[in-house]
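Visitor: Please show me the model, and I will ask what stands behind each term.

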Amino acid sequence: MDELIGPFLSALVDQPFLRTALLAGLLASVGCGVIGTFVVVKRIAFLAGGIAHSVLGGMGAALYFGLDPLLGALAAAVVSALIIGSVRLAWGAQEDTLIGAIWAIGMAVGILFIAKTPGYSTDLMSFLFGNILLVAPRDLWLMAVLDLALVVTVALFYRQFLAVSFDEEHARLRGVPVGLFYLVLLCLVAVTVVLLIQVVGLILVIALLTLPAAIAGHYLHSLGGIMLIATLLGAGFTSGGLALSFTPDLPAGPAMILLAGACYVISAVVSGLLRGYRARRLAQPSLGTP
Amino acid sequence: MQAGAPPVIRIEGLSFSFGLAPVLQDIDLQVSQGEFVGLVGPNAGGKSTLLKLILGLLRPQSGRIQVLGTSPQEARRRVGYVPQYPSFQRDFPISAEQVVLMGRLGLSPALGWYRRADREAAHRALGEVEAKDLARRRIGTLSGGQLQRVLLARALVGEPEILILDEPTANIDQRVEGEIFDLLAALNARLTILVVSHDIAFISGYVNRVACLNRTLVCHRTKAINGDLVHQLYGESVRSVAHRH
């Protein structure tokens, strides 16, 4: 382990770009913990995946017109979230078909723009799979501002987001503007997607958005607790993936996802065994007391 | 029921259909303050639809509904509702107490966390339905009867004037069914109650009045319920079975 992590730690001291990458991972983990928890409990992972992929349209358009791709990504993510959310609120059904359409249309638009962008061809791979080592120090500021916006919004309206995630009908009967909070929640998902795209790219986003919260959900039964632990797990996966990929010179994004995926599989098995063990103990109460 | 008390629910000439299928036709119903009304009828007779109209979750295509002297949407927060099927995932990571607290939404300020008064009200409501010991339990670990008590506490914690329940005992055994209805009878001292059931024989021991709904609505005092009425409502194939446990 030492020969794997040692060079990473000494490079962390010498190389500013590596420190920037580490910070980017930590900033992204806030979004993946807080908003990822809503994505998991409200079961909107497919919706989040649709938003993530449609972002390529915005990035491509921004490149073509000479703007910052990150701003294009943010705009595309929010627009997709609002389209999917409003159609579901207005018509109810067929949400999955619509998500599939937005997913593919966004990517198609993005690829056309990138193909027609003058100058040398942009690295499509870094959009799709991310390159945390290319995060610029000024991007950290944008990420920090997005994090702050997420956390403040969720903290102020925690009860409403909880109610809308748990039981929309009851929330509506209690006078909560369910449509508004649902759309805001989807916009928060969009912002988180953009945060995470910096780190792992738009194809792998969905794993960082769901796996930390799903692992925390194996053991914890309160939303706040899951958010906290998912944030810490997210920080562990991004930093751990970065460290593990450094010495063998592997791409960092896939290393993070594989680390998260391995932990998820292990956790699913362990928590399943634990549940079975507890159920058997409960079924035989006389065994424990001779 | 007090004579001359103003109606808390007033429905006039109400019709509703889903697409081309008429569900409710020309319904008139008045519920006075303090009444305990049972709404019975066969499956797909429109009972749940009528409740959703009274709650303002659906809008009538014709006719008028007034609740507590205003529109159903306006009156919503003063009405407690216990649904037939919980409209949430049972594996959601949330405790019974947190579920009950959601009944306080709309009473406390919009920003921030629940106040001390909200927690005290949740504690009282759980006590009232004899479910204090369930407060910390995860919602997914509750039995059908326990969940029903928690949902009743969620409806009560908002300090409603009317309590509306849709088949509150559909998924629980007969003994617990009796306990829940005894609880409702006690609550009737301060609340108007409208309860949907498919079991006319059982609820007639508790309610003042039965409204029979099968697309159209007919009201009966509880004393007048007999075999003829059951036949008229459900058709010839139903036999009434007298039973005591």
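Visitor: What share of the 245 residues of chain B counts as buried, and what makes a residue buried?

Guide: The share is 40% of the 245 residues. A residue is buried if 20 or more other C-beta atoms, placed from the backbone, lie within 10 Å of its own; with 12 or fewer it is exposed, and in between partly exposed. This is a predicted model: local features need pLDDT of at least 70, side-chain atom pairs count only at pLDDT 80 or more, and totals for chains, interfaces and linings use all residues. Residues are numbered from 1 along each chain as its sequence is written, with chains lettered from A and ligands numbered from 1 in the order in which they are written.

Visitor: What makes β3 and β7 of chain B a pair?

Guide: Strands (DSSP runs of E, at least two residues) pair if DSSP finds at least two bridges between them. β3 (residues 36–40) and β7 (residues 192–197) of chain B share 5 bridges in the parallel sense, therefore they meet the definition. Within β7(B), B:Ile193 is the bridge partner of B:Phe36.

Visitor: Why are β5 and β9 of chain B said to stand at the edges?

Guide: The open sheet of chain B has 6 strands in the order β5-β6-β7-β3-β8-β9, with mixed pairing. β5 (79–82) and β9 (216–221) of chain B each have a single partner strand, so one side of each has no neighbour in the sheet.

Visitor: How many residues of chain B are in contact with chain A?

Guide: 21 residues of chain B contact 20 residues of chain A, where contact means C-beta atoms, placed from the backbone, within 7 Å.

Technical notes
Contact = placed C-beta atoms within 7 Å. Helix = DSSP H or I, 4+ residues; strand = E, 2+ residues; numbered from the N terminus.
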